[in-house]
Amino acid sequence: MIRFDNVTKRYAGGRDGLSEVNLEVEAGELVFLTGHSGAGKTTLLKLIALIERPTRGQVLVDGRNIGRLPARAIPKHRRSLGMVFQDHKLLPERTVFENVSLPLIIAGMPRREIARRVRAALDQVGLLGRESAKPESLSTGEQQRVGIARAVVSRPGLLIADEPTGNLDPALSLEIMTVFKRLNQVGVTMLIATHDLALLDLVGGRRVVLADGRVSGGSG
Amino acid sequence: MRQWLTRHAQNCVASVGRLVAHPGGTLLTVAVIGVSLALPAGLNILVRNGEALAGGWESVRDFSVYLQPGAELANAQALVNELENVVDIQSVELVTADAALKELRDSGGFAGVLDGLEKNPLPHTLVVRPKAEVPAANLERLAAELGKRDIVDQVRLDTDWVARLNALLDLTRRGIWLAAGLLVGAVVVIVGNTIRLDIENQRAEIEVAKLLGATDAFVRRPFLYAGFWYGLVGGLFALAVVAGGLALLGGPVARLSMLYGGSFRLVGLDGTSSLAVVGGGLLAGLAGAWVAVARHLAAIQPKV
């Protein structure tokens, strides 16, 4: 599903975000990217979401070299994957329902279908019934679950998450990870960046360790 | 196709909702656009009324043909008959020498002088009234032609005044185009700036939408609709301003005209001009939004 072939990302200024990274994630896998902050986890996810482009090497998603995609093809690529962010990036002015429905509105889905799917997604993260709440009236854990609902509402085959539990206490983190595991069990491929190793010991799953922009180890 | 239409309809309605949600700012923008557009529209009305007023002074275009002293009355009558058949001429009045003398005597003051004369020094005169739509150049040609005839002593054509008025109206008309161009340009800038601020205010939303895979067209659409509405409502506001102005001036103008013994009434904007005001506003609004969107939207890229 995802393959990195000798990928290097050099930022303006000469700093290497990633150096010659090789990585393969099979469809249906749950993979955790670990390593210290600055190790290149975020850069790797940015390359998958085409927020950045590789300096050298190839990033293949579903067999397509996305590093070569023209700018006008980026929106379609982003719609094909779900993204979860550490700061969840919810729109504070909009209700939970509106936030979760945004990817479907962008995709141009009919209204009735949107309502059905949004409820299904909120149900998956246990927030059905909070549709008309504004994000700030929710707890941080609930906000992150709304972010996850938004990421999976369009039923992407691939979900990437950057430190999704970074702002949460251990109990809430575990809760979020449980949500991810459940989604993985229904077939969503997942690549989750986290530095919370204690949490991973509880959750399990394959790990890829990054250090100074290189893959330095991992399991599986 | 249906999906596309639905999406546009939703955007269209949603953009109205957003504008209504901030009534103060929206009203201010609309008012500025309205006043900008009302100015050239008002000037246009001024010229149209000037034209109508100038049309009322038709007699100014009459010209006098003085015949040679001693010309036979029969010959004068023959010339009258001939001129009455000329296409550009509406009517010809013959003022005989005797009639002219009588008029002069009746008007008083000259009675003693005139009585001292042995014979009538006045010639027969023709007063020619051209048709209303005849251009000044034709009148001058006609006058020159008449002047060459043996029987004619002199032709007095007073087209200078008409020519001047027409030149003035022409100048004003051109001035209006210029003003209209500048003010429409101002509307483009106003809307552009308003949309720029809207974009700035919604930066977070735009970033998130782009992150979630929104195309440029998707992000652009609500702003273009906002520009469309600003322009449209601004144009309608301008029509309202003009109508209000006319209502205020209509009474006094009618009274003034009555005092001068006329029946002049103010002319308002006709359908085409009204359409031009609203259409101009609408296009200027769209153009302003387009400029703002083209300049500022691409610069917003999601940061993670």
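Predicted model: local features only at pLDDT ≥ 70, side-chain atom pairs only at ≥ 80, totals over all residues.
# Two chains, two builds

Mentor: In chain A, 67% of the contacts between residues at least 6 apart in sequence join residues at least 24 apart. Contact means heavy atoms within 4.5 Å.

Trainee: How many helices and strands in chain A?
Mentor: Seven helices and 10 strands. Helices (H or I, at least four residues) and strands (E, at least two) are DSSP runs, numbered from the N terminus.

Trainee: What share of chain A is buried?
Mentor: Buried residues make up 54% of its 220 residues. Buried means under 20% relative accessible area, exposed over 50%, partly exposed in between (1.4 Å probe, protein chains only).

Trainee: Now chain B. What's the element order?
Mentor: From the N terminus, chain B runs α-α-β-α-β-α-α-β-α-β-α-α-α-α. The radius of gyration of chain B is 32 Å, well over the 19 Å that the globule rule gives for 304 residues, so chain B is more spread out than a compact globule. Its C-alpha atoms fill a box of roughly 110 × 40 × 30 Å along the principal axes.

Trainee: And the contacts and burial there? What are the figures?
Mentor: In chain B, 35% of the 304 residues count as buried. Of its contacts with a separation of 6 or more, 84% come from residues 24 or more positions apart.

Trainee: How many positive and negative side chains?
Mentor: Chain A has 31 positive and 23 negative, and the centres of the two sets lie 7 Å apart. Chain B has 26 positive and 27 negative, with centres 18 Å apart. Lys and Arg count as positive, Asp and Glu as negative; His and the chain ends are not counted. Each charge is placed at NZ of Lys, CZ of Arg, CG of Asp or CD of Glu.

Trainee: Down to residues. Where does Thr8(A) sit?
Mentor: In strand β1 (residues 2–10) of chain A. Thr8(A) is buried, at 3% relative accessible area. A polar atom of its side chain lies 3.1 Å from the backbone nitrogen of Glu20(A).

Trainee: What else is Thr8(A) in contact with?
Mentor: Beyond its neighbours within four places in sequence, its contacts include Asp16(A), Leu18(A), Pro54(A) and Arg56(A).

Trainee: Which side chain does Arg206(A) pair with?
Mentor: Glu29(A), through a 2.9 Å polar contact. That is a pair of N or O atoms within 3.5 Å; within protein, one must be able to donate a hydrogen and the other to accept it, and residues adjacent in sequence count only if both atoms are side-chain atoms. Arg206(A) is in strand β9 (residues 206–211) of chain A and is buried at 17% relative accessible area.

Trainee: What about phi for Leu50(A)? What's its value?
Mentor: About 60°, positive although Leu50(A) is not a glycine. Most residues other than glycine have a negative phi. Leu50(A) lies in the loop between α1 (41–48) and β4 (56–61) of chain A, buried at 4% relative accessible area.

Trainee: And Arg155(A), buried or exposed?
Mentor: Exposed, at 52% relative accessibility. Phi of Arg155(A) is also positive, near 50°.

Trainee: Last one. Where is Gly192(B)?
Mentor: In helix α7 (residues 160–201) of chain B. Gly192(B) is buried at 13% relative accessibility. Outside the four places either side in sequence, Gly192(B) touches Gly288(B) and Ala292(B).

Methods:
Residues numbered from 1 in each chain as written. Chains lettered and ligands numbered in written order. Heavy atoms only, no water. Rg over C-alpha atoms; globule rule 2.2 N^0.38 Å.
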